[in-house]
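Here's a quick tour of a predicted model, meant to be read with the viewer open. Have a look at the structure first, then carry on below.

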Protein chains: 2
Amino acid sequence: MSESSQLAMEKCAANYTPLTPLSFIKRTAEVYPDNTSVIYGERRYTWAETYRRSSQLASALCRVGVEPGDRVAIMAANTPEMYEAHFGVPMAQAILTPINYRLDAAAIGFILKHSEARVLLTDREFSTVIRQALATLEHPPRVFDIDDPMVDGGERLGECDYEALLQKGDPEYQWPMIEEEWKAITLNYTSGTTGDPKGVLYHHRGAYLNSMSNALDWDMSMHPVYLWTLPMFHCNGWCFPWTLAARAGVNICLRKVDAGAIYRAISEQGADHFCGAPIVLNMVINASDQEKRDFNHLCKVMTAAAPPPPAVLKQMQEQGFQVTHVYGLTETYGPAVVCAWHSEWDQLAIEQQAEMKSRQGVVYSAQEALMVADSETLQPVPWDGETIGEVFCRGNITMMGYYRNPQATESAFAGGWFHTGDLGVRHADGYIQLKDRSKDIIITGGENVSSIEIEGVLYNHPSVRHVAVVARPDEKWGETPCAFVELAPDATVDEAALIEYCREHLAHFKCPTSVVFDEIPKTSTGKVQKFQLRKRFTEPSQAIPQRTEEEAAGYDGEHE
Amino acid sequence: MSESSQLAMEKCAANYTPLTPLSFIKRTAEVYPDNTSVIYGERRYTWAETYRRSSQLASALCRVGVEPGDRVAIMAANTPEMYEAHFGVPMAQAILTPINYRLDAAAIGFILKHSEARVLLTDREFSTVIRQALATLEHPPRVFDIDDPMVDGGERLGECDYEALLQKGDPEYQWPMIEEEWKAITLNYTSGTTGDPKGVLYHHRGAYLNSMSNALDWDMSMHPVYLWTLPMFHCNGWCFPWTLAARAGVNICLRKVDAGAIYRAISEQGADHFCGAPIVLNMVINASDQEKRDFNHLCKVMTAAAPPPPAVLKQMQEQGFQVTHVYGLTETYGPAVVCAWHSEWDQLAIEQQAEMKSRQGVVYSAQEALMVADSETLQPVPWDGETIGEVFCRGNITMMGYYRNPQATESAFAGGWFHTGDLGVRHADGYIQLKDRSKDIIITGGENVSSIEIEGVLYNHPSVRHVAVVARPDEKWGETPCAFVELAPDATVDEAALIEYCREHLAHFKCPTSVVFDEIPKTSTGKVQKFQLRKRFTEPSQAIPQRTEEEAAGYDGEHE
């Protein structure tokens, strides 16, 4: 008896709604109107207010000519305006296009031109570079300034400021619910490692599902107090603006992240969740006694961008933070892989716990599948923790595609899987562990050596504060590992001692043949810029080279 | 600038997967293979085993001729087999059709015939009634017995038992992932209050979303220990079989629910979540000292089916249970409305807290909208807590429709909203409160009186253990309220005293004019059968009448 026609029931308004994170804020504003939504310095909003301001922004954008599908760019720090834009722009049926505020004028100009942004909301702090970028455009967008009194300097560039723009809109605006969940909600530019930045399109369905998955996979209870240490321009803050709306939480916004501010937010405002690259974890660990504050609640930290070295994880744990390690890329809405914890691991020594936790892990709840496989044949590698392959994933929290770049989209999705470009292994328990970006792997004497593995060893050395290992051209071996090291204050270890330390903990062919003590270049999100380090071997002057597109985009690859 | 064609990106295998709760068990079996999934008496399974057995069931069903879209009926208590069927049947692309084990042969025969079930899995405990039901069918399904050694008596009816059926299947079966989320996963029969039972179709998308919403709205952390007090035949256990898979929790199965078993599971097995109608709450409150056990953890309870009287909620709270009140119907996958708690309400006196909690509340996270409105015009009532209207909802956790009943489907969805048939008010804060089923409202002297309101008052009287108020025909007033009361042990209060008590707490026209002390008829899920009580006024013999279809279906309306 095969499927009968009676089962082919039609969708209707009563039983089908497109998935969109806009439903979260609508519900929360209705259920918890008086709960605090956003805190920024002396400013404080409730969910009713944030909803009202977002609706008003939507209305205002429509009135200044934004049409469905238009791009609305934003250059902003983690402020209430940036938060509201994550709702107001989609409420206007438009596509939010956040810009990394560390970019230079050329890269910003490229993004504004490529996205054909109709409107730009821009924070006064960044007016110098925005002015330059706008000057390069034939058809500049309409510009409105976020005129934050907490910013000194800069100038207003637009027709009016954000508050005046809001005044053009109707705070009671009944924005139309989206009609199709497979429709772009945001456009996030990242840089490939070669060529122009790519525009990654997120849709409403994926944003909804990843927001829910953030809460489930992080075990985030209702009413979290979330501290914004991760820039919202970065993969839409890993979808957390929407997760916070779903959980009716508090968003503590910070313009500038430093250790003192983090501890104050935890201790004085009860912050119990934050996200950040290892640089943020380092900041917390290395805070001065003056910056540190006591706190009595559990503070959960989600980290990504590079595998946190065991030593860092261990210190965080000892200081009362519970670290969850995730992995993802701009193309996966931020986190799409999580090192899901097993309670039996609590019994392990803290070093072993940190080792378990340094693995990237398993697929996020809202993602469908993950594999480590041969880049060409897509044949999965054995689950042996040894065989290196490329990491692939598929599912609902994978981008729609690259904006206006069908070729790149096609090659990213070849074979029905998203090709991350990251190299890793799969352990016997199915957890994946990254070994490197394709381009960061060191090939010495025909052997693949993971720079991350060497870094993990060096991070355990008490004198090492920060380390990055890259391939150094070598006549005999092709390449050999070279370690760039930032030392801890007052440390005095030398090159030979560190190499010897590596030889005690690694196969000899994996050990660095040279160590350079110097500051390590990082992006705004704390990612090490290994391409900068590699250049030192080809540009003997070691002068800081001209910004490349790669650097300009502020990423070393699309790693989260 | 309107939407450009570059934004119309196609779905592909890399970035789109249909939503289905089958993804949950697949992921959990991979991530937590050794965690306990199901405990039933001495039987214990891990997630790897439950996944394997479910896959094997799917394979076996295919091998005995089940085709995509076929209905597989199940008549079972809350056992591992019932749990596995919630995964194995959809893995076979078939539609699970659970049957209420309190039904009589005629109703079961109707369901088997109407659903055209291809296969019936049936527990030996229920063989007598199933044998009778099968005898009425011209084309009976293939029958397999759940042959539980914990059951005395009964007989095997089928070709082989469940374990032998499993043996026909391949435990390594790679079941095909569903291709369309808008496709039926289960068929749940409920009774209208008139006419034949209706078959409510759930789809994969709704089952996925309600499962997630259960976890989010109940703030259920990872690895819950869930006690099955709610029958799984009932709206697929409110989708909790799938929620437990998503949260990698433990399912404690019980064939027979009693107070002792509940306390033992909490105290000895660490159960920290269960669901149930007020009858289960009463069981817990009224447990004997011998049945009660101490426990040190928080035990969360989700209740529905009828507004829990403030007195009951208060006692639960005092005994260390945290009660969440939800509301829904078979048509909404179980819970679709939740009395979302406000932390500021913790400051209220416990009586007031109970009063807040007795309201049904606001829309579930996965549901889109809720309203109280005029039944005909769909004009929303004012949010005044006074004006009674019909409760409507819409969104993704509303059924696909009634199986083979386009007319009923159309009228249930008229105007783009699902008509619940329940009457309620909307309070100023947007929370809804049920006042009655349309048919239970008492119209006295032209005034609408809520039977629930009167019951709430009587439940606060220390001598009242259980109460149901119905309309009694009255020559002068049309109808007047009549209260049926079960007294607490050793209580001696009389009719006049209870009426007087009501007059102290209610407008006089709302007070019962008569009180009957007698046992109150309830369904298997603890719902009061008010139609039975009303019959006493028309059938003066007060004999137990013949089963009606209404009673046969075991429901008084479709309330959850």
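## One residue to start with

Does Ala135(A) count as buried or exposed? Ala135(A) counts as exposed, because it has 10 C-beta neighbours inside 10 Å. (Buried takes 20 or more other C-beta atoms within 10 Å of a residue's own, exposed takes 12 or fewer, partly exposed is in between, and C-beta atoms are placed from the backbone.) Ala135(A) sits in helix α5 of chain A, residues 127–135; helices here are DSSP runs of H or I with at least four residues, strands are runs of E with at least two, and both are numbered from the N terminus.

Some bookkeeping: residues count from 1 along each chain as its sequence is written, while chains are lettered from A and ligands numbered from 1 in the order in which they are written. Since this is a predicted model, local features need pLDDT of at least 70 and side-chain atom pairs count only at pLDDT 80 or more, but totals for chains, interfaces and linings use all residues.

## Helices in chain B

Helices α12 (residues 310–318) and α13 (residues 350–357) of chain B pack at about 120 degrees, their axes 8 Å apart. (Axes are lines fitted to C-alpha atoms, for helices over the stretch in contact, and angles run from 0 to 180 degrees between N-to-C directions.) On the α12(B) side, the residues involved are Pro310(B), Leu313(B), Lys314(B) and Gln317(B); they meet Ile350(B), Glu351(B), Ala354(B), Glu355(B) and Lys357(B) of α13(B). In contact means C-beta atoms, placed from the backbone, within 7 Å.

Helix α15 of chain B (residues 451–459) is largely enclosed by the rest of the structure, because eight of its nine residues are buried. Among those buried are Ile452(B), Val457(B) and Tyr459(B). Their cover includes α12, β24 (464–474) and α16 (495–505) of chain B.

## Where the chains meet

55 residues of chain A are in contact with 55 residues of chain B. On the chain A side, α1(A) gives the largest share, four residues.

Chain A superposes on chain B by a rotation of 180 degrees with 0.0 Å of shift along its axis, at an RMSD of 0.1 Å. That's the relation of a two-fold axis.

Conventions:
Contact = placed C-beta atoms within 7 Å. Least-squares fit on C-alpha atoms with pLDDT ≥ 70 in both.
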